[in-house]
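Come along while I look things up, one entry at a time.

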Amino acid sequence: MLKPLPFTMPRIACIVNPAGRDGKSGKNWPSIERKLIDADFDVETYLTEYVGHGSEISYSLRNRNDLDLVVAVGGDGSFHEVASGLRGSDMRIGVIPTGTGNDVARAHNIPLKNRDAQIEILKNGVDRHVGAIRLEGLPAPPVSNYPSPKTNAWDGECSKEGNVVRWVFLESDGGVTSATSRAKLSRGKWIKGSAKYTYLGITEIISWKKKLAWIKIDDEPGEVVDFNIFAFVMSEMFGGGYKVAPNASPMNNHGHLVIATGLSKFQMLRLMGPLRKGKHVGKWGIYMRNVKRFEIKSVDKSGNPSDIPHDPPIWVQSDGEPCITTPAVLEFHPKQLWIRGSKSVKWEN
């Protein structure tokens with residue numbers, strides 16, 4: 001008679017951003033760790049210390065055969081770093097949302113507050129092989145304590161000297177939305193929570209200057225537009241629950257592009273309400289399309305596309321980090337990352 005195999009505790013590595021959500025992520029970690037241990041997980045803990053540290057740690061763990069899962073503990077920025085280091089490997093990534101936006105968790109139906117339910121998904125959730133967006137462009141200069149991005153082994157080589165590459169697992173956007181995120185790095189630090197984004201968004205809209213941009217979608221001819229906002233996304237929501245790309249799915253064989261052009265400042269201010277509810281598509285010429293490639297450049301005096309950056313800059317975000325400037329190219333690539341989520345998600349139904 002065969003003896004039963006001894007029980008083996010699942011071994012996970014948790015990469016924790018202690019600065020997430022104004023420091024609350026770090027304060028909550030000891031209680032989360034206790035819950036994981038009580039749930040029979042063997043836990044390794046890594047605390048990030050600077051921008052990009054999460055990618056360095058996860059990249060060192062991606063080929064560990066003794067690990068069942070690498071868990072990002074923080075917000076969408078923390079998830080981006082951990083996912084970047086794991087992209088292209090067979091290592092699964094789990095999520096314990098403790099940040100401000102937590103839109104990756106929303107996309108995969110991971111509860112934002114119920115720790116027991118989060119841990120149950122880490123144990124018995126479904127692994128899905130999702131796509132990602134390759135973003136290449138000029139590195140944004142440093143601001144405040146946020147450094148200029150550099151080339152990383154896990155992101156791959158650039159196609160043009162002087163550029164940097166980032167991989168996007170939730171969303172990349174440019175225009176007044178990315179200007180708001182860029183402003184967050186140096187202004188409004190006295191405001192907590194989502195009110196900070198509302199305040200900075202209003203100030204950026206009021207100070208917005210008209211910007212012409214040359215844009216090209218897939219293999220279609222490029223066109224010059226009075227540019228306001230683009231968002232190239234993998235999932236429905238970003239910005240803390242804003243339904244920017246209604247019903248978008250990270251399992252599709254393409255990305256989802258939302259474009260707004262020719263809007264007045266008044267229209268941009270009025271857009272904030274419909275954008276949260278997903279009622280903006282079709283309003284004031286705003287459209288959403290399934291695309292695989294999007295390119296954006298500045299325009300010279302003759303109306304032709306130029307490789308000279310916009311002045312003032314158009315910042316381009318990588319999962320909420322405004323680290324790139326135009327000219328920039330975004331390309332969808334399928335099956336880049338294994339994510340453990342809920343057994344039931346909206347976009348599979």
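**Entry 1: a term to start with.** I call it a salt bridge when a side-chain nitrogen of Lys or Arg is within 4 Å of a carboxyl oxygen of Asp or Glu. With that rule I looked up Lys160, which forms a salt bridge with Asp307, their closest N and O atoms being 3.4 Å apart. Lys160 sits in the loop between S5 and strand S6 (164–168), and Asp307 in the loop between strand S13 (305–306) and strand S14 (315–318), so this pair ties together parts that are 147 residues apart in sequence.

**Entry 2: ground rules.** This is a predicted model, where local features need pLDDT of at least 70 and side-chain atom pairs count only at pLDDT 80 or more, while totals for chains, interfaces and linings use all residues. Residues are numbered from 1 along each chain as its sequence is written, and side-chain values use heavy atoms, with hydrogens and water left out.

**Entry 3: the whole chain.** I noted 8 helices and 15 strands; helices (H or I, at least four residues) and strands (E, at least two) are DSSP runs, numbered from the N terminus. How does the radius of gyration agree with that of a compact globule? For 349 residues such a globule would have a value near 20 Å, and the chain has 20 Å, so the two agree. The radius is taken over C-alpha atoms, and the globule rule is 2.2 Å times the number of residues to the power 0.38. Along the principal axes, the C-alpha atoms fill a box of roughly 85 × 40 × 40 Å.

**Entry 4: inside and out.** I found that 53% of the 349 residues count as buried. Buried means under 20% relative accessible area, exposed over 50%, and partly exposed in between (1.4 Å probe, protein chains only). By this scale Lys160 is partly exposed at 42%, and Asp307 is partly exposed at 42%.

**Entry 5: back to the charges.** Side chains of opposite charge can pair when their charged atoms come close. My search of the whole structure gave 20 salt bridges. Lys160 and Asp307 also belong to a salt-bridge network with Arg293, Glu295, Lys297 and Glu331.

Which strands does the pair of Glu44 and Arg11 link? Glu44 and Arg11 form a salt bridge with closest N and O atoms 2.9 Å apart. Glu44 is in strand S2 (residues 42–47) and Arg11 in strand S1 (residues 11–16), 33 residues apart. Glu44 is buried at 13% relative accessibility, whereas Arg11 is partly exposed at 24%.

Next I looked at Asp127 and Arg340, whose side chains meet in a salt bridge of 2.7 Å, N to O. Asp127 lies in strand S5 (residues 126–139) and Arg340 in strand S15 (residues 321–341), so the pair ties together parts 213 residues apart in sequence. Asp127 is partly exposed at 26%, and Arg340 is buried at 14%.

Entry 6: Most residues other than glycine have a negative phi, and most peptide bonds are trans. Here are some exceptions I jotted down. A cis peptide bond joins Asp311 and Pro312, with omega about 0°; Pro312 is in the loop between S13 and S14. Another cis bond joins Thr326 and Pro327, with omega about 5°, and Pro327 lies in strand S15.

Asn102 has a positive phi near 60°. Its place is the loop between strand S4 (92–97) and helix H4 (103–107), and Asn102 is buried at 5%. Ser144 has a positive phi of about 55°; Ser144 is in the loop between S5 and S6 and is partly exposed at 48%.
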